[in-house]
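Please look through the sequence and the model shown below before reading on. The report that follows takes up the core, a pair of helices and several loop residues in turn.

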Amino acid sequence: MTMKKTATIIEELKSLEELIIQSSRCGTCQSVCPLYKKDRKEQSVARGKIFLIEALYEGNLKKAEEIFGHLDYCLLCGRCRRECPSDVKTDEIF
């Protein structure tokens, strides 16, 4: 992936900041995410993805390209959004 494409993606993610900061990081999404139930990896669940996105646009990741696969790893089933007490629009973010 080119640096230019990576920078473009980071800017797109940064534009979602208003949606992302709604997350209270409570972990409710873990209890309903089929991917998290399968592999038990934090980056598989909405809370982990939101953390990665924030770290990315804040410049806290040295190899940004490495997290894009984690962000794409989502069924878009909407369970996390339906159960989220903070009403984080995960389907719009992912």
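Leaving aside its neighbours within four places in sequence, which residues is Ile53 in contact with? In this predicted model, Ile53 is in contact with Leu13, Ile20, Leu71, Ile93 and Phe94 once those neighbours within four places are set aside.

**The cores**

Ile53 belongs to the largest nonpolar core, which has 16 residues, and Ile53 stands with Ile20, Leu56 and Ile93 as the members that touch the most other members. At least two residues of this core come from each of helix H1 (3–14), helix H2 (17–20), helix H4 (46–57) and helix H5 (68–72), and H4 gives the most, with five residues. There is also a second, separate core of seven residues, and among them are Cys33, Leu35, Tyr36 and Ala46.

**How H1 meets H4**

The axes of H1 and H4 come within 9 Å and cross at roughly 120 degrees, and the crossing of these helices is left-handed. On the side of H1 the residues that take part are Ile10, Leu13 and Lys14, and these meet Ile53, Leu56 and Tyr57 in H4. When the residues of this contact are divided by kind, five are nonpolar, none is polar and one is charged.

**Confidence**

The mean pLDDT of the protein is 90, and 99% of its residues reach 70 or more. Confidence is lowest in H1, at a mean of 83, and highest in helix H3 (residues 34–39), at 96.

**Residues in the loops**

| Residue | Relative accessible area | Class |
|---|---|---|
| Gln30 | 18% | buried |
| Cys84 | 22% | partly exposed |
| Gln22 | 32% | partly exposed |
| Asp87 | 39% | partly exposed |
| Leu76 | 54% | exposed |

Not counting residues up to four places away in sequence, Gln30 touches Tyr36, Glu42, Val45 and Arg47.

Gln22 lies in the loop between H2 and H3 as well, and, when its neighbours within four places in sequence are left aside, Gln22 is in contact with Ser86, Asp87, Val88 and Lys89. Cys84, which is found in the loop between helix H6 (79–83) and helix H7 (90–93), is 62 residues from Gln22 in sequence, while the two are 10 Å apart in space, C-alpha to C-alpha. By contrast, Gln22 and Leu35 are 13 residues apart in sequence and 22 Å apart in space, again C-alpha to C-alpha.

Asp87, whose place is in the loop between H6 and H7, has a positive phi of about 55 degrees although it is not a glycine. Leu76, whose place is in the loop between H5 and H6, has a phi near 55 degrees, which is likewise a positive value in a residue other than glycine. Leu76 counts as exposed because its relative accessibility of 54% is over the cut-off of 50%, whereas Asp87, at 39%, is partly exposed.

Definitions and conventions
Residues are numbered from 1 along each chain as its sequence is written. This is a predicted model: local features need pLDDT of at least 70, side-chain atom pairs count only at pLDDT 80 or more; totals for chains, interfaces and linings use all residues. Side-chain values use heavy atoms; hydrogens and water are left out. A nonpolar core is a set of buried Ala, Val, Leu, Ile, Met, Phe, Trp, Tyr and Cys residues joined through side-chain atoms within 4.5 Å. Buried means under 20% relative accessible area, exposed over 50%, partly exposed in between (1.4 Å probe, protein chains only). Helices (H or I, at least four residues) and strands (E, at least two) are DSSP runs, numbered from the N terminus. Contact means heavy atoms within 4.5 Å. pLDDT is the predictor's confidence in each residue, from 0 to 100. Axes are lines fitted to C-alpha atoms, for helices over the stretch in contact, and angles run from 0 to 180 degrees between N-to-C directions. A crossing is left-handed if the near helix is turned anticlockwise from the far one by less than a right angle, and right-handed if clockwise. Ala, Val, Leu, Ile, Met, Phe, Trp, Tyr, Cys and Pro count as nonpolar, Asp, Glu, Lys and Arg as charged, and the others, Gly among them, as polar.
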